[in-house]
Amino acid sequence: MGNALDAELGRIAQVGVSLGRYSKGDKVKVEHDLMTLQLLQRGHGGFTLPMLECVSTEGTVEGVDQDGDIVVRYPSGNRFCLNPDALTKVGGDDSTALRSGDWVRVSDDHGRVQRQQAGHGGWNNDMAASLGKVGRVVHVFPDRDMKVDVGGRVWCFNPASLTKVSAPGGGGNRLSVGDLVKIDGNASRVRTMQEGHGGWVPAMAASLGQVGRVVAVGADRAKVEIPGKGGWLYNPDVLTKALGKVGRVVKVDSDNDMTVHVDGTDWLFNPGSLTRVSSGGSQAAPKPSSAEKTSMCAKGTHQWNKDKCKVCKFCKKCTGPCGCGAGDAGCERCGCCRTCAGEDDSDSDEDIGGLMRHLAAGRDQLTVLDLLKAALERSEGGEGTPRGIKTLSPEERREKLYEHLPKMSKAIDMVKSKRDGGSVSTIKDTLEESLDGPYKTFPKKAERKIMGDHLANIGGARALTDYLKFLMNGKHTEEQVQLKCLHVVRSLLWNFSDASFEFCRELGKSGLLTIVSQDLANFEGADLKHEVIHLVVLSALAVMHNCAKVPENRHFFQDIKAVDRIRPYLQVEDLNLKVPAVLTMAYLVEDRNSSLIEVDDSVADYVIRTMNKALGSSDMRADGYSVMELAMALGALARNDANKELLTKKGALKQLIALAQDGDSTDKEQAAKALQAFLHDPDVKAQLKKDREAVTVLNQLKEHEDHAVKKAATDAMQTLHKSTANGFFDDRFNMCYCRECHLSRGDQDYYKRGDPQKDYGLPVGWCRFSLKVPPRATALGVFQKWHVAFHGTTVGALESILNTGDLIKAGDKTMEGSRLSERDGHYKDSWKPEGFDTKQVFVSPSIHYAGLPAYAKPSSFTHRGTTYEAKVALQLYIKPGSYKVAASTVARKNVDKKFSDSEIEWSTDRHGVIIVYGLLVKLDENLAMAWKGLWLCIFIATVGYSVAAPVGREEALSSPMDSDAEDADIGSDYSYDTNFEDTRQRI
C-alpha cells in the first residue's frame, strides 16, 4: 500500500472503537464471492486487486471511518476499508448482529426504550406509536445506533431496544445483500410498483426479466446489480428471490424430470418447479424435445465442470480429472467434453482468480508452480511453428513474416481508436489473431525481434499500455470479457518486451513501468503462495527485468523508485520470483550499492544451471531465458566481487567462452562484455591467461565482422593484458563519457547527490580513470551523503595530487616539500577583490566551469606519432556544509545553463572534506576526430594516468580562472537517493 493511503487508514482507525456490530480486535472474514464483494464495495471505497486477500484470509478490525466503513488489517500488513455488510465475524455468534435490511421488533417497554434513547438520538413522543411494532433497519451508524423504518416513519433507535425477527409473512421473500433475484418481466406492472420505491426510468427496461444480485437493502427498496447493465433501485415486490438457487440442468430423464446441479449437489426436479434463467430473461422450463436432449451448447456458452468425472454425451468418454479417459472437462448443460465442443484449447469460463492465473501463461519465459503446468502447456504448445512454415526456405519464411506486419499495424490502429466497452471483445480477438498469432507462429529470436521492433516503430508499446490502463480503470463490459482482454494485452506486453529492445525502450516512455511497479508495492508482504498474487508479481518482475536491460530506461526506473520497489523481493524463497528480482536489480543499482545484488548458492546455481540448459538447447533458451540475457545477467552480477568469486567457482567462465564460440553476434558480444567484467578480478585474470582456448576465442572475436563484437572482444583483451600494478587506480569503474557512450547508456546530463541533495553535471565529453578511495569513504557514508563536484588542474600537478591523496590550498606544502602558490594571472593577496580569500580549494558542480582552460590548462602530448592537446580535471566528493557557494569569478557568463553564475563556484578552507575518486581527461574539441569516442575508450585502457607532462608543476588548486566554455546540452534533473548515474559504477 502507498504511504499516503496507509497513513489515512491509520488516522481513520482512531476515530473510535465502537463499530456497530463489530468491535476493535474482532476477527472478521469475507464470506461473499468475489463478484459480490466487488459490488458491495461500490460507494465504500471501491475494489482493488490487492483485496483478493480479503476473500481468503481472516483480518482484524482496527477501526471505523467517518462513513461507517470498517478498517480491517490483514496478516500481510495491508489495511482496507470494507463495507460492514461484506464482513462476517469469526469465532463468535454473529446471528444477532443487526445490519441494513434486517427486520426488527421495537421493544414495547415505553419507559425502558425512552431511557435507552438518551445519547442515542433522543426521544420524541411520536416514537411511542412504533413501540412493539416490526420495522426494517435502513442504516447502521458507526456507534451502533440504527435507523429503522416503522410503518413509513423512520426513527433512530438504540440497538438495545431492538430484536431481530423474521420478515413479515414468514420471510419467504426476505432479501439480503448478496441474494440472487429475478426482476419481474412485466414492464407495465414494474412501472406501477416503482412509484414511491425509487421511481422508473426508461433505461431500466433493459433489466426486466434479468437475474441480478442484491447489493443494498432499504426499508422499501433494494438495489440490484445486473452484469453489464448497471444497478437500479427496485420495489422488493417486483423481485423474486431464487428460493431455488440458480443451478444448471445437467441431465433430462426419459420422463422429462431434470437433474439440476445446485451448489455442488445434484437434485432431481419436476420441470414445473423450475424457471429457466438466462441473459435473455426467464421463463418456465419447457418440455424438452428429443432434439433438445441431444443438442450441444453453442460454442462459447458451455458451463464447464472441472471437479467431477462425467461421461461425454457424444463421444462416451470420461471427461473428468480422474484420468480414466480422454477429454478435459464436461459441460453441465449439454454433457459434452471440451474435445467434442472444439474448445479444448480455449480459456475456461473462470472467475477472476482463474483469469489472473493465466497472466503469466502468455510469457514463455519462466516455469512456475506445478498447478500452472496445464496453462503453460496450453500457451507454449500453441507456439510450435506450423508445418507449412517449417517447410519454407529462410527467404520464403521471412516474406511470410512480413505479410503479417501490415495486419499488426491495423490492429494497433484499432487499439488506438477504440475506447468503449462495446469494442473490447473485438479488440481481444483482433490482438489474438494479428499479434499473438504471429508471435507463436514465428518463434525464432530474429523473427520476434522484427515483430517487436515493428510494434515499437508504429507506437504499439504506448497503444497497448494505454489500452491496459483503460481496461484497468473501471468496468466497461461484461467482466469475463474485460478480464480476458486484460490478459491478452498484458501477455503481449510481456512477450514483446522479451523479444525486442526497441519495444522495451518505447515501454519505458509509455508508463507501463509505473503500473508494474505499483503491482510490486501493492503485494509487498502479501502471501506470495496465493496463485493470483504470485503471478501478478511474477509478470511485474518479468516486464521490469526485460526493460531494465535497456540503458535508456534507467531514468524511468529512477522516477518510480524501482530499487525500493524490488528490494523486498530479494528476500523471498521462491526462486521464480527471487531470480528476476536479483537480475533486475543488477542492471539498476550503482556499484556502491552492489551488496544488494550479492547472490547466494541457490541463485547462483539457478543461473548456472539455466545457462547450461540453454547452451544445450536448439533455440539457445531454457526456462524462458535466452543465453544472451543470461550472459548479460552474469556480467551485471559480476559487479559484486563476491559474485565474481562464487560464479567463477561454479563454472561461469567456461559457459561464457562456450557462448562466445557458438552464439550469434549478439550472444558473442554479450559474452565478451561479461568476460571483461570478470577480468577486473586479478585471480580471474590470472586463471584466464592460462586458458589457451579462451584467449584464442577472444583473439578471433577481435577480427569479427560485427563492429560491436569486435569492440567488446578488444576491450576484454585489453583488460586481460593490462597491468594492475599501479596502486592509485581502480579500473573497474573507468568510464567513457563521450557523447556517443553517454547517449547509449541512456544517462541524463544532470543528477542530484548527497544529503541534502544538490545538483551536479556529468562530465560529458570526458573520460574517467577511476581512483581508489580510502576506507573512510565507506565509514563516513560519502557515496550516499556527500556532494559531487569537479576541480580543474594541470597534467604536471597530477603526480603530486595522487601522492598526497588530497587537494591542498595555496600556502600549504606538498608531500614533496614545495609550497603551493597562486598561479600567475589569478587572484593573490596583493591583487584580489576586498574580502576574497585565496587560501581555499575551489571546486564546481559543473565540469563546464571546472574544465575551463584557466582551471584545466591544456597540455600537448604525442601518441603514436600524432600530437594532441588534452585537459585534465578531478571528480570528487565534498562534504555538505563544509564549503561556501559563491559567484563565478571568470569573465565568461552563463558557462553552464543548469547553474546560475551566482552559485557555480564552491570553496572550502578545511582539510579532509574532499575525497577525489576520478581523474578526467578530455581531448581539445577543435582537434578531435570523428572517431574520438572510440579512441577515448581505448585511451582509457592504454595510456593510464602518466600522460607526458610539460615542464613546470604549477597547480591550480586555489585559483578562480577565466576563459571561454563550450555550451552544453542541458537535460532534466532527477532526484533519487540511489540514482543510476556514474559514481564508481559502470564497467
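**Exercise 1. Find how far the sulfur of C767 lies from the closest cysteine sulfur, and decide what this means for a bond.**

Solution. The closest cysteine sulfur to that of C767 belongs to C736, at 3.6 Å. A disulfide is counted when two cysteine sulfur atoms lie within 2.5 Å, so the pair is too far apart for a bond. A search of the whole structure gives zero disulfides. C767 is buried, its relative accessible area being 0%. Buried stands for under 20% relative accessible area, exposed for over 50%, and partly exposed for values in between (1.4 Å probe, protein chains only). C54 is also buried, with 0%.

The model is predicted: local features need pLDDT of at least 70, side-chain atom pairs count only at pLDDT 80 or more, and totals for chains, interfaces and linings use all residues. Residues are numbered from 1 along each chain as its sequence is written, and side-chain values use heavy atoms, without hydrogens and water.

**Exercise 2. State how many residues of helix α17 (residues 512–522) are buried.**

Solution. Helices (H or I, at least four residues) and strands (E, at least two) are DSSP runs, numbered from the N terminus. In α17, nine of the 11 residues are buried, so the helix is largely enclosed by the rest of the structure. Among them are L512, V516, D519 and N522.

**Exercise 3. Describe the sheet that contains β32, β36 and β35.**

Solution. Strands pair if DSSP finds at least two bridges between them. The sheet is open, with three strands in the order β32-β36-β35 and antiparallel pairing. β32 (841–843) and β35 (884–886) are the edge strands; each has a single partner, so one side of each lacks a neighbour in the sheet. β35 is joined to β36 (residues 905–908) by three bridges, and A886 stands opposite E905 in β36.
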